[in-house]
Amino acid sequence: MTGASFTLSWIDYTVMIVYFAFVLGIGWALKRYMKDANAFLEAGRSMPAWVAGLAFISTNLGALEVMGMTGSGAKYGMLTTHFYWVGAIPAMVFLALFMMPFYYGSKARSVPEYLKLRFDEKTRGLNAILFAVMTILASGISMYALAILMERVLGWNFHLSLVLSAAIVLGYTYLGGLSSAIYNEVLQFFIIVIGLLPIVILCMQDLGGWAGMKEQLVPIVSAKGFAPDTWTTTWKYTGSAAANPLGVEWYGIFAGLGFVLSFGYWCTNFLIVQRAMSAESPTAARNTPLIGALPKMFIPFLIIVPGIAALVLLNKHGSGFTLPEISPGHYNYDYTIIALLKQYLPAGVLGLGITALLASFMSGMAGNVSAFNTVWTYDIYQSYIRPVTSDKAADDKHYLFVGRMATIFGVIVSIAAAYLASLFGNIMDFLQTIFSMINAPLFAVIFLGMFWKRTTGHAAFTGLLAGFTIALLHHGLTVPAGAATLVKGGWICNLHTYPVEMAQNFWTAIFAFSTSALITVVLSVLTKQKKSDDDLRGLVYSLTPKLGVEQVAWYRRSTTLAILVLAIGTILTILFW
Amino acid sequence: MGIDIKFPIGLMFTILGLLLTVFGLVTYGDAQLYKPSLGINVNLWSGLGMLVFGLIMLFFAWQSKKTKTP
């Protein structure tokens, strides 16, 4: 990996040490407040909206996202913003306005527990177990990616990096629980923005601003066989799949990314929803995703635009900019952000940039571990192993202990998963595929459950299983063009070839969602509703008293914020149409 | 819960800001060091920016402490 390695100086290490001292210090300061399981696993439902909101967006802004999206900026240009403006904002607004009142108001402590209250035990069990396994594997993969990066870029020992980062994460989550994870996500948000800002400014300065970059892109993009402004527009060339590098038409983007994938991810993933559930009041819980949406809309300028600049630099003689090659002529775009750090940053701010990346890796792990220990303690241990007793004080102590042990267990299994990932290179692709297969049916089921009181437990359970099965089948029967391994699909036989992997993912999710919704509706009509209207109060839209106008100043109301978010999103979309 | 996060955020960015500002001043005019950053002293500018941000956060932390414990 000669293309992107560098040495750090004392000033870079000092920046890094100051940051991690604060990370552990926050955990230490919170230690004395961790008196029961509620404080440890739910942050005592005490977070102000802005803290929960920034943590909400920070959980999603992991290092794999930063590295992946910068790479996508080089590969697809501004079309990558579809993952933000259409692929996140509408779902976040929907979660805030229509779903948070039920998640928060139901007093459920997790998404699986909402399923238990709304449907039945088996639906909760299925979701809790799948979620626990997936989350811990995801945490392990995040660790693996971090250690491999430190080995290749900084020349640190792989095993030492793995154990050291696991120890830091364990340290602050064990001490301060969810509060510690959330506070550190806020800290991470600021360090990422401040750490990456110099790169955006410097590469714009270097290429002569947006106009200069656009001009230099013309020959590069034309050589790839696309219209000259394809990399600087978003919807203009989505009329046909062949005219844009994503290989998807506008309706595929709209339905697959804008609806199924994004709603599945933002509205049902407990890792994300947990941040909003920790908010201090119902209004704060509704505002959490909206406050997160405000910075989310501008993150493309921080990570996608430098990616596009990297494509120009890559083709510019004398720029000295290179990316590691997978095979001659095929670059490893995952290293784009690292290569840009190397290109522009001198000692000092370089340490800041590297710290920002390390911070996002670790908070990714901490987020996963803190979601895992909640689901484990409440939805698995408390439900199936040791139910609550009449002695509340003893219970509080016991479940706090279990939550802490789950944190240690989670970190140890993550390390094991990281070694598994180092043995099988494809496990990362594999897991991302499985994740998208679980989320889409889950969204169908929760959506129907929240807005249609007739939805039954048997129907929901079968709907989840059916959606997952169809997703697996679709993945087994289709392949993206040029796929080298069976992990990418086609492991049964090849009925259809998609032009790119993205298109296959979109359609897998669309099939899974539709099947799940259809089966759930049909079975709900055929089976008997066991829950009475009273049971469902606070869980279903039509049976819950309307909140009316929130009793806060007009500018703090969720509806005002939602309108603001949608307006800014629309303006950005039109500006970069 | 328990602590006001504005305080550690403010303190950390004030410390990092001071660190980079001083480093930027010490290395002022070092053409070799700032060659990658197009001759711009990014340490000084980032340091000053972080210092301002850190102090603003500290100010807000101090403000909300004042209103909570009159």
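## The interface of chains A and B

How many residues does the contact take from chain B, and how many from chain A? The contact takes 27 residues from chain B and 37 residues from chain A, where contact means heavy atoms within 4.5 Å. About 2,700 Å² is buried between the two chains, 86% of it on carbon and sulfur atoms; buried area is the accessible area (1.4 Å probe) lost by two parts on being put together, summed over both. Zero salt bridges are found across this interface, a salt bridge being a side-chain nitrogen of Lys or Arg within 4 Å of a carboxyl oxygen of Asp or Glu.

## Basis of the description

This is a predicted model, in which local features need pLDDT of at least 70 and side-chain atom pairs count only at pLDDT 80 or more, while totals for chains, interfaces and linings use all residues. Residues are numbered from 1 along each chain as its sequence is written, chains are lettered from A in the order in which they are written, and side-chain values use heavy atoms, with hydrogens and water left out.

## Helices H7 and H14 of chain A

Helix H7(A) (residues 121–154) packs with helix H14(A) (residues 349–385) at an angle of about 155°, their axes being 9 Å apart. Helices here are DSSP runs (H or I, at least four residues) numbered from the N terminus, and axes are lines fitted to C-alpha atoms over the stretch in contact, with angles from 0 to 180 degrees between N-to-C directions. The pair is therefore roughly antiparallel, a term for angles over 145 degrees.

By class, 25 nonpolar, six polar and three charged residues make up the contact of H7(A) with H14(A).

## Helices H5 and H11 of chain A

The axes of H5(A) (residues 89–105) and H11(A) (residues 270–277) come within 11 Å and cross at roughly 80°, so these helices are roughly perpendicular to each other, as angles of 65 to 115 degrees are described. H5(A) contributes Leu95(A), Met100(A), Tyr103(A) and Tyr104(A) to the contact, and H11(A) contributes Val273(A), Ala276(A) and Met277(A).

## Phe461 of chain A

Phe461(A) lies in helix H17(A) (residues 457–477). Neighbours within four places in sequence aside, Phe461(A) is in contact with Lys122(A), Thr123(A) and Leu126(A).

Methods: Helices (H or I, at least four residues) and strands (E, at least two) are DSSP runs, numbered from the N terminus. Angles under 35 degrees count as roughly parallel, over 145 as roughly antiparallel, 65 to 115 as roughly perpendicular and the rest as oblique. Ala, Val, Leu, Ile, Met, Phe, Trp, Tyr, Cys and Pro count as nonpolar, Asp, Glu, Lys and Arg as charged, and the others, Gly among them, as polar.
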